[in-house]
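This report describes selected features of one protein chain. Please look through the sequence and the structure before reading on.

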Amino acid sequence: MNEMFFGFYLGVFSIILLFNLLWYLYNKEKAYLYYFFLHLSFVLIALSTFGVLDIPIIFAAFFAVFFTFLFTKEFLNLDKYYKNFTSKFLYFGFGFTAILVVLFLTDNQNIIKNIPFSFLIFAIVLLAFNVYKKGFELAKYFVIAWGVNYFIVLLTDLNRIFGIDILHFEYLSQVGNILEATILSFALFAKTKTLQEEKNEKEKMLIHQSRLASMGEMLANISHQWRQPLNRIASFIMNMQIHIMDNYEKEKFLLEKLEESQAQLEYMSNTIDDFTNFYKKDKKKEKFNISQIINNTSSIILPTLNSNKIDFIIDIKNDFELNSYPKELAQVLLNLIQNAKDAIFINNVENPRIIIVVENKTIIVKDNAKGIDENILNKIFEPYFTTKEKHKGTGLGLYMSKMILEKNMNASIKAKNINEGIEFKIEFK
């Protein structure tokens with residue numbers, strides 16, 4: 001039975017060791033290398049225990065303790081979640097290992113035998129649990145795997161120090177090693193995949209930021225070219241307004257249309273400036289009420305909605321104040337309303353309507369434009385993804401809106417299908 005179990009144990013760990021070594025060579029992730037040496041220490045302990053290799057178990061145990069600290073630090077991203085604690089954690093690990101070596105070299109092995117290693121494992125499990133609570137999802141696998149290790153080491157400590165043998169199982173430590181190694185090897189693989197996805201996302205973000213910065217420069221040039229023609233058109237409109245007021249006192253329709261035209265010109269001018277200034281770091285925040293931005297936004301787009309017979313409803317249940325960037329929020333709202341209008345046209349909606357609701361630091365924009373296919377709903381905030389026909393959409397509108405809200409306004413945006421259409425919810429933290 002000893003030979004069968006030992007063969008099984010070596011077979012499992014040969015696969016695990018090869019797996020971790022190959023993945024380290026492939027992606028140079030240090031956690032794999034530390035885990036390789038940690039498990040190599042376990043194998044050396046097993047070889048010594050079963051009498052295959054004539055080395056003191058204590059030497060392999062030193063390496064196991066040493067690489068336990070290195071692996072824990074790397075896998076749990078302590079540099080991120082416990083930045084100020086990382087160096088102290090490693091110093092403690094190295095110091096603890098050094099003390100064990102000194103005790104062994106000075107022939108104080110009895111002290112080593114009476115050290116409750118389960119306390120050390122418990123502290124590491126507790127650290128992993130705190131990292132999990134801080135938001136690192138994969139830490140739960142570390143808690144599970146090393147939680148199993150903790151109970152096994154605890155039982156071993158009770159037997160070694162106090163002579164209490166609770167569970168009569170000869171291969172308890174080896175089985176625990178197999179369970180822990182299997183769980184964390186898959187967790188390491190999942191972590192690598194997550195890191196790769198984050199890396200790809202950062203690379204995409206850098207590309208998009210570069211493109212948008214170039215777009216800002218281009219818009220600055222366009223702004224310079226457009227400014228004079230826009231001013232001339234505004235001057236023409238003003239002269240027409242004066243002429244009408246002087247000669248046609250009862251003419252209200254033309255005056256209203258000219259005022260709308262003036263508002264559109266100002267909007268065009270301000271929009272270019274807003275996009276040009278989007279990435280400037282010296283932007284100043286302003287205090288404003290949400291209702292004010294919604295009313296300003298509606299005054300710009302309401303004529304277009306009315307001309308297309310789209311009901312536009314504003315329901316402000318609880319107005320609230322923000323200290324942020326009003327023009328950027330207006331751009332987000334205009335983009336959502338414009339998207340709703342386009343969806344209404346595409347789907348030929350009868351009795352179309354767009355509703356804005358404000359309550360509890362939340363803005364909801366919803367429509368009855370038949371919603372979005374659930375299969376692609378989770379992609380609509382990705383850059384260059386569009387549901388519109390070719391050349392009719394860039395796929396940047398919702399992406400830019402999400403970036404504005406998350407990066408500049410400490411807010412989030414989510415989308416979900418409702419009975420007749422889609423609902424966008426903007427929540428301010």
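Is E74 buried or exposed? E74 is buried, because its relative accessibility is 14% and residues under 20% are counted as buried. The model is a predicted one, and the values below were computed from it.

**Salt bridges**

Side chains of opposite charge can pair when their charged atoms come close. In this model the count of salt bridges is six. One of them joins the side chains of K73 and E74, with 3.5 Å from N to O. K73 also forms a salt bridge with D79, where the closest N and O atoms are 3.4 Å apart. K73 counts as buried, with a relative accessibility of 13%.

Another salt bridge is formed by the side chains of E420 and R353, at 2.3 Å from N to O. This pair links distant parts of the chain, 67 residues apart: E420 is in the loop between β6 (411-417) and β7 (422-428), and R353 is in strand β4. E420 is partly exposed, with a relative accessible area of 44%. R353 is also partly exposed, and its relative accessible area is 28%.

| Salt bridge | N to O distance |
|---|---|
| K73 and E74 | 3.5 Å |
| K73 and D79 | 3.4 Å |
| E420 and R353 | 2.3 Å |

**Helix pairs**

How are α12 and α13 directed relative to each other? Helix α12 (residues 326-346) and helix α13 (residues 397-408) pack at an angle of about 150°, and their axes are 10 Å apart. Angles over 145 degrees count as roughly antiparallel, so α12 and α13 are roughly antiparallel to each other. Their crossing is left-handed.

A second pair is made of helix α5 (residues 86-105) and helix α7 (residues 117-133), whose axes come within 14 Å and cross at roughly 165°. The helices α5 and α7 are therefore roughly antiparallel to each other. The crossing of α5 and α7 is left-handed.

**Residues in loops**

Which residue in the loop between α5 and α6 (109-113) is described here? The residue is D107. Its phi is near 60°, a positive value in a residue other than glycine. D107 counts as exposed, with a relative accessibility of 61%.

N360 is not a glycine, yet it has a positive phi of about 50°. N360 is placed in the loop between β4 (353-359) and β5 (362-367). With 58% relative accessibility, N360 counts as exposed.

K309 is found in the loop between α11 (290-307) and β2 (311-316). K309 counts as exposed, because its relative accessibility is 71% and the exposed class begins over 50%. The C-alpha atoms of K309 and N351 are separated by 8.1 Å, while the two residues are 42 residues apart along the chain.

**A nonpolar patch**

On the surface, L18, L22 and L25 form a nonpolar patch, with about 290 Å² of accessible area together. L25 lies in helix α1 (residues 2-27). L25 is partly exposed, and its relative accessible area is 48%.

Definitions and conventions
Residues are numbered from 1 along each chain as its sequence is written. This is a predicted model: local features need pLDDT of at least 70, side-chain atom pairs count only at pLDDT 80 or more; totals for chains, interfaces and linings use all residues. Side-chain values use heavy atoms; hydrogens and water are left out. Patches are made of residues with over 30% relative accessible area and no salt bridge: like charges are joined within 9 Å, nonpolar side chains (Val, Leu, Ile, Met, Phe, Trp, Tyr) within 5 Å. Accessible areas come from the Shrake-Rupley method with a 1.4 Å probe; for residues, only the protein chains shown count as cover. A salt bridge is a side-chain nitrogen of Lys or Arg within 4 Å of a carboxyl oxygen of Asp or Glu. Helices (H or I, at least four residues) and strands (E, at least two) are DSSP runs, numbered from the N terminus. Buried means under 20% relative accessible area, exposed over 50%, partly exposed in between (1.4 Å probe, protein chains only). Axes are lines fitted to C-alpha atoms, for helices over the stretch in contact, and angles run from 0 to 180 degrees between N-to-C directions. Angles under 35 degrees count as roughly parallel, over 145 as roughly antiparallel, 65 to 115 as roughly perpendicular and the rest as oblique. A crossing is left-handed if the near helix is turned anticlockwise from the far one by less than a right angle, and right-handed if clockwise.
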